Each structure stands twice: as structure tokens, then as C-alpha cells.
Amino acid sequence: METKPIVTSHGNQVLFSSLHSALLQGLPRDSTEWRRSYGRPPKTLQLEASFVPFDEDILPQDKDKTLVSRPYFHIFWTDCDLDTYKQSVKEELMEWHTALKNKSNPDWLIVVVVNDESKIKSKLLPRSSVIDKVKNDFCSKHPDRCIVLNEPLRQDSKSMESWNSFLGRMRTLMLQAFSRHLSKYEENMRSLREKRNEAGWDFITFFLVQEELGFMFEMLGLYDDALIQYDELDALFSQFVLTQATTGKKAAWMSKFMKDCNSWAGLSLRKAINHDKRDRVKHNEATLLDFRNYLFSRQCALLFLLGRPWEVAQRAVNFLHQTIQEVNTLKVSMPEAALDCWVFLSCMEILQICEKHTDSSQMEAYSLYTANLRDYTRRKLYSIGEMCGLTPGNTPTSEQLTMVLDLTSGMGIEEDSEENYSGQDGSQSPRPRDKLREALSSNDTFQKIFLELSELTMGTFKHIGRFRSARHIGKDLADFYLRLGEAQKAENFLVDAMKSYQREGWHALADGAMLDLARCQKLQGIDVKYIKTCCNIASSTHLSEDVRQIHLQEVVDTAKESPDTAFTLKLSSLFHIAEVTVLTPEIIVDQTLEVEVMLVNNTPSDIHCDSLKISLKKTNKLPKLLSQKTAVFRQASNSSAKEAVPNFNPVAQQITSILNVQAHYEGAPQRPNTAGIVCINTHEVLRRADSSGRAGKMADALKDYDDFTNYASCEDLVIKPGENKFIFVQKNMSAGHYKLGQLWVKMNGVDFIKYLEADQFFLVQHNEPSCEIAPVSGEKLVSGIQQWVELTLDPGSFVLKEEDELTYLTSDGLTVCQEEEETTLRVSKITELGHAVFRILLLHDIYTVDHNAEIRLDSDVFSDPVCCSLMFSCPFHIIHKLHTASNRKYLQILVHGNTKEDFTLTAPNLAVDSPDIELMSLNKANQELVVNSDMTVSYMWQLKSNTRHVVKTNANFTVTFHSILDQENKSRQLSYECNVENFLTLYTVKTTVTAQPEMGTCKVGATATLRIHIRSHDKEDDEADTSLSYQVLQDSNLWVLSGKTAGVVQLCEDMTAEITLNIVPLVSGLVPHPAVQILRNQDDIWFKQNDQTAKNKPDDDDIPLSNPEKNLVTSRTIPFSQGQVYYASIAQQVHVSPDAGDSN
């Protein structure tokens, strides 16, 4: 709208003309805040004005109800001097002021332009100046109505300041004028609205009054306020229509909109104001559609000015629905399909104009609302085409061709300029009526345009993320393509729609789409897809049993008529596996594998199958634990939707597929304005799932088909509706780890295959035969006696039968005692586990240590002999000990039992291989002694040597034994060999502890004397050792020793030596003597004799000593053999008296 507020100009027109251009540019340069009355929020305006010469005839009266065309402000311009003012200007100014006063118009301003700067430099101007005269004559009560403009054409600061002050004063006074006029106008408008229920009130008159207010706001740039005026008019008109529909009372003016409608040209948004339509409304010639078109076009024009084209699309659908409802309510007569044409034309016009005004930043908001508008356009076009016989499968009749002509003629013939239909890129957009005329021209063009609109609408819905709506349009397109006979194109849309319904949990809708899909696929010929769809339909729980049975029969008939394995499908929802149980998780070769499968038939009748097989695949991937428990795999009972969409993750609460509806109406119950049904559980039905998630599939995902070389099967069976248990069996499998692979259901020429998702393993073992031998009595096998044992033979993967013969072979020393000299065993009995058990009598030669033996069994049944290792324990544990008493020697033999059972020993004997040694038995003759694991027997002999040169001798101990474990019950002999060396006594060591002479007896804490006496028994032997090392092994808790506790001692000529040490007892009572040990020195021993000879000896650091003290025993000493040194005082004790001060 190009209208601007009118401002009149009077006075010096030459002066005004020189300032006119600057005034037009400067007035809107700065914004002005407009504060209105009644608490309305302030508005910021950029004022513009249209200047016209002053004429008394254009001054409106107070009663005039115009806003846009009236002059709001009046300015008088003068730059005269005082004389000119008095002669002519004053009179002219008086006439101008009187004319305004007669019209009661206070909105004026007198501008005095001063060009002589010298006259205004002084603050005290002469009283006779023009400004003073003007103020005194006209502005005595309103001094702000006169302003001085100082040389406005100059660019200095003073002139600019004067000019800006003038513009500010003008803006303020103009706003005051606007407020005064609007207040009066709005008050009159409100008064007129309050009379709307009175007789004779006319809506059109009120419409024009309020529209004038909207024009005023639009002229001021307040587009929001202007839009409010039209929205209020829209709501008021709708209220009148609703009141008439509800109460039946019809206003007189309403009849003007109830006349027949012969034009359905649709909206025209190319112009801001359609003056033709407005004139028809103004002169009460507009129909309901004309009025609605004009009103909505004005709303759209303001929205475009506000930069909100997306809101036009948002309001459009409500506008169209509301207008259709008003047409029906007011019973406006229109030809058939005419209202649909109006809707189509209006939608196309809105879409084209919105697209022209929309930039890329508003595309999201624009698409959000145009999607529904495009869908509405598409549906209306289809409705028109159906009534005109243009849809697929129809041919227009003569009546329908006549209808097309009538509809075309009612679309209007006015031609808009081509510029109005150019897009943003300069391309020409077809006029809506031209597009509709083209669509109605033939069946082919109708189908082409309808498909284009549908594809565009579906793409828009996908762009904004409304995939449900897009799938719904896709289903409509599928029906359209089916009617065209293009089943292949329809199939894709039906599959998408079905997947969407399944994903949302709308199973009834999904199954309905599946029926259409089956019909579509059948038109293309029976193939795998058709059979799969029929299977899904047959197992659906949301379809009638008759429909399910029909499609099941299609599958059965196809299977019978097809050659073997003509169709291989993934196991559809026809069946599903409820449970798989491996009954024999561990078997041996040639043993039967059993797998129990619970197969659920989801169809309404029995199904005959040729065979069911489960593939068995060898695997290196072993389970964590292959226990003896049966492996069980269960699948949740799945409906057709879950079977059809694998990995389907339902929402926490499954979306219901049942609509809860109830009746709904508006208006009085007896005469409702609208009536319909309302879904009361939309929050459940329309709860959104993730539309961008993984698309559902028609069947389970299957990696590859197994070759079924190894399989378990069951043949020729009938699968009844519901749960069916089948046992799958298989034999003759090689050893290894296996897992269940796929289930194969064969129905004549149709095969169904299902991958078993859970890893279920079983083990086929090839066990080698083995045997175990255990004693019948006793804990273990004992050598040296005949003992009954039980031989258990596990044939492993082989099978033993009764009367089979086994040949045995034993290791050296082991004998199988039989009545006849045979080497065979005959199987007499087989246990439940398939084992053969034999009782045999074994005898193993006795050894003094445990001994390993072996029995090897051979048979024609086994490929290799079976070896059984045995461990025979010696029944005794024998040790020997040498004892010394001065020069006397004794040999002790200790026999300990290794079994709990008793062994009786008799006739012990000891023999030596040296003639120089005599043995004297210290044992009782003919004595029987018993040994077991808790008892030990000891035998003793004294050794007497005839010479001192015996270094070593071998002894052989024998004893006779018998036991209750021995099945032969006879005495047997045990032999034990040992050797004795260096057993003759070479030295005797004796110690004495004596108190000091003045003490009398040893006392605690008092120093005593320890004497060590060493005597050699080889006095006549020149080679006897005369240099010995000694050590006193003191117990620090009993004694404190001082002196050399270790060192080297030399024997005297009489082959004796004595060592004296000071010793202090620490405890009282009978205290054992300190232990003493002598050792043999090696030939290269270094030692110190005394401190005086130290300088002639090597340095102390060069002597390797085992004690930090000097002259201690070095590491170059060796001990004597057992029995060579007799410690005579080893058990001797000394009585130590307590100290006098000791309380003990």
C-alpha cells in the first residue's frame, strides 16, 4: 500500500518547493515513539508524508469517517519581512487559520524562515519582528504552533540544528493529529460494533469501517495492528455464521452471502489489494467465496509485509476448511466439484506466492506448513478427477465432459500480468487455473499432474521428518499405480507403508497394507516375494481366519505345483521357533544325537511338511563351559510384526493399534453445527517412534545358506496350529565340536530356512578305550603277594559284546594267576555304561621300593592295544642304623609297614660278606612280630671286627613274612641289602666340668673349668691323625665360655690331648655338658699356634676362618664318619648350685 499521510502546504510555495525534497528525505530518517491512550503499548514509527497544496474544499468535516484520504496536518510557510507581513501575508495567514478553525482542525504549524543571520545574533530581538507578530496574532495560546527555521539551505551546524528541531516538532504534532483522529474513529467503530445485534445493522458497513482503520495502520507501517483488524473481522464473521447455524436466527445482511456462487476463481495474492473484489464487497455484490478470498488476501498481504510467508501457509489450511464449512452451513449453492476447484486453485496460488516470498532461512518453517497444504491440494485434485472420470480405469462420459467445461468457465477469465507469475529465478510459473485446466484436459495430463503433486508432497513430508504422512501418501500412490496397472511401482510404496506401520506398532494397518501388497505381487506373477507375503498374511493375528486360510492355501498350492526346491525362503512368520533343546550335548561317535525343537505354527490349519532338518556345523569356537546339562535356547513368542521386522526394539510401552473413539459435536445437541468422532487416546496411538531408525525387513536376517551336509532331521510330519514338539536325530558323525546352524522346513517345492541365532554347541567324541585296576580288598596294590583286583575296561567309542575275548600281556615281574596257563580274558557281562569288568588275581615280585607295572589288552574290537599302568607298593619300609658304645658296634634294622593290614615277620637273618666281622644276634629266636602302617619292628645285631683295617662291608637282611591279603596264604621272603663303612672307633672324647677349688661346687655365675679329653684308639698306628680341630657348641642360655672355643689341637705321644676352658653356668640344676665336636684336618690347613709366632706366619687375613676369632676352625676340615668318634659325655650332666643371692 503506497498511501502516505496527507499534509497540506500553504503560503510561500516557492519557499516550500525549495525545501520539499529535503523534507521528504528528512522526515522518515529518524524513528519516533508513538504513545497512544488506553494503556496501549508504544509504537516506533518512521513517518512519511504526502504534501499537497492547501484547499479549503478538501478539509473534511468532523462527521466524515475517513482516515486514509483525509489531510492530517497543515503547514503555512513564510520568509517575509515585517512590511510584507503587514501588507499581505497577515491577511493570507488569517484566511488560512480561519478556514482551519471553521473545520475544527487544530493540527497546523506556521513556519517562519529567517535568512538574515544578523537579525538573530542578538538575544534581544526587536519587538517589531515578523516572528513576534505571528505569535501575537495567531499563536498566543499555542506557542508551539510557530517555529523559526534558520536558513535551512545552509549546511552549518546552526542551520542543521534548526532544521532538526523543525523535523522533530513536525513529527510530534503529526502524531498528536493521528492520535486525535484515531481516538474518535475507534470510539465510533466500537459504538457501531455494539449495535451488531440490532435490526438494520450491516456487517459490510462495519467491515469497511474497520478495514479503514487497518488501512490507516498499514499506512503508518504498523502491519501487526493492521493484521489484527482483519483477524477481528474474520472472527466476527465466523461468529455470525456459527450463531446462525446454532440458533437458526439469520441476520438480514447474511442473505447477501447465501446467494448462488457462479465463480470459484480461487485466491489472488498477486496484488496487495484486489480493488475489483473490494468493490464487489463494498457494493454488496460479493459472494461468500469473493468475500473470503478478499479477506484472506488482505491478511496474506500484511503477513508478506511482516516477512512471515510461512504463516500464510500455516493459516491457509484452516482458512480453506473454515470456508468450506461456512459454504455448507449457509447452504450456498455451487455446481458439483466447484468447491474442490476453488480449494485447488487457492492452494496452488498460496504455494506459488509463499515460495516467491520465502528465502532459504525460512525454508524449514515454510516446509513445515506447506506440506499439509500440498497434501490437501493433491487430495482435492484427485477428488475432482474422480468426479470428472479422469482417474485410472475411467473414461469421461458426456455428462462429465460437460462438467469439465462448466468448471473451467467458473475459474475466471481475468488475466494477470506475466510478471506476477515469475519465480525468484525469473522462471515462469503456470497460473493455478491454467494448471487445473491442463489437468482436466485429458486422463494422461491428469495422471501426470497428480503424480507430480504427490511426489512433491511426499518429499516435503520427508524433508520435515513426517515419515508417517509420507508413507500414507505412498500408500495412496500405490493404489493409484495399481489402478494404472503398474504393479511394480505400487509395490515399493506398499512395502514402505507396511514397514512404517510395523515400526509404529500399528499391526492392523500393516496387515491391511500387506493384503494390498499380495494383490500387487500376484499381478506381477507368483514368485518368492508373493509367497513370503502370503505367509505373513496367513500368520497374522489381525486378519480374519478366512483371509488367512485363503493365502495359506496359496502357499500350499504353489508348493505342490512347483518343482523340487523351486523357492527357498527365509523362515517367515509362518512358523517361529519357541525353544531348541540339545538333549545330548555330549555323545560319542556312532551314538545318536537328539535335538528337541518346539516349532509354533502361526497359521489357522495343519501344514504337511516333507521333512525338517537342522544343519550341524563343525566349529573351532568353543563354548565357555560344555556341561552335562542340556543346552536350551528359547525365542520369545513373536507376532507377525516381530517376525517380519528383526531386531525390532519396541518402545517401553507398546503402541496400541486400537482407536478409542467417541461422538463429538459442536452446537446444540438437537441441531449440531458439526458432528464427528474423536479419538481419545491419541497420546498412545500417535506416540512417535524414531522415524529415522533402521527400516524393518520382511524376514529374519540370514547370513548364508548352509550346505546341510551334516544334519539332524525328522521326516514326513504334520505341523498343527500352535506349539509342536519334534525330535531331530542324527548318527554317524565324526568327532569334533559342532553347533546348530539353520532350520530347514521343506514343503514340496517351497523351502523355509531359519538361522538359529543362539550359539548351541554339542560335542561328538572319539574316545579311546581305557582300563582301570583297583584292589578288591585293601587300599592299594601290594607287591610280593597274590591279590584280587577288579579290572574295568571302558571301550570308549568302541562297543564290546558278551563273549568277546581279550588277550593280555604283562610286564616283567607281574603275573596273572589263573588255573590254566592262559593269556585271554572273556567278557561275561556288560554294564549299563558299556564297560566290561573282570576279577583277576595278580602277583608282582617284591621290591623294597614302589614299582611300576603294565598290563596290555588286545582284541579284534580295538584298533590298538589298551595299556593299563599299575603302581605296586612295597609292603615294608626298611632302614638301618649303626650305634656305638666305646669300641662296641651295633647294627639296627627297622621294618615299618606301609599298609593298614597286618604283615607277620619271622626268621630274621643278617649276613655280611667280610670274614673279619662276626655277627651276634640280639633278637629272640622264633619270635613273630607284626607290622603295619602304625607299627614298626626293630632287629639288632652286634658287629665284632677281628682287625682294625676293615673299611667297608655289605650286609644282607632277610626276613620271612605272610599276610591275610595274600590269597595264596603262604610265607614269602623279603630281602634288604645295605653297606657299613668306616664304622670302627678312632677317638673317644670326654668332658668334665669342675668348680674352682675354693668354691667346692659349681654355682650359677661362678667360673668353673671345662676340660676336654681326647684319646686315640690307634696308639700303635703311625698313620693315625695327630692334628685335630675341635669346636665347643655352647648353648648361650646355659653356659658362657671364655677362651678358645674352637681351634686345632695336637695329640701328645700317648695319643691324648686335653683342652681347658673357663665356663660360667647361667642356670642352676642338672645342666648338660657343652657339646664338643672334633673334625679331621686336611693336609694344607693353616693355623696359628700362638701370638708369639704370628710374625713368622702368613697374615691373619690370608687364613680362611669360619669364625671372626683367630685360630678358629677353618673351612678346610671334614667330619668323621658315623661311629669313628665316641663322645662319652654326650648325656652327662653337672649339678649347678644356685647363687647365694638367687631367690630361686
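Strand 32 (917-921) and strand 34 (residues 936-945) run antiparallel and are joined by five bridges, where strands are DSSP runs of E with at least two residues, numbered from the N terminus, and two strands count as paired if DSSP finds at least two bridges between them. Within this pair, S921 has W941 of strand 34 as its bridge partner. Both strands belong to an open, antiparallel sheet of four strands in the order 29-30-34-32, whose edges are strand 29 (876-885) and strand 32, each pairing on one side only.

This is a predicted model, in which local features need pLDDT of at least 70 and side-chain atom pairs count only at pLDDT 80 or more, whereas totals for chains, interfaces and linings use all residues. Residues are numbered from 1 along each chain as its sequence is written, and side-chain values use heavy atoms, with hydrogens and water left out. The pLDDT, the predictor's confidence in each residue from 0 to 100, averages 82 for the protein, and 86% of the residues score at least 70.

Elsewhere, strand 6 (residues 108-114) is largely enclosed by the rest of the structure, because seven of its seven residues are buried, that is, under 20% relative accessible area with a 1.4 Å probe, protein chains only. In a regular strand the side chains alternate between the two faces of the sheet. Here W108, I110, V112 and V114 point one way, and L109, V111 and V113 the other.

Strand 6 pairs in the parallel sense with strand 5 (residues 71-78) over five bridges, with H74 opposite W108. Five bridges also join strand 6 to strand 7 (residues 146-150), again in parallel, and V112 stands opposite V148 there.

Note on methods:
Buried means under 20% relative accessible area, exposed over 50%, partly exposed in between (1.4 Å probe, protein chains only).
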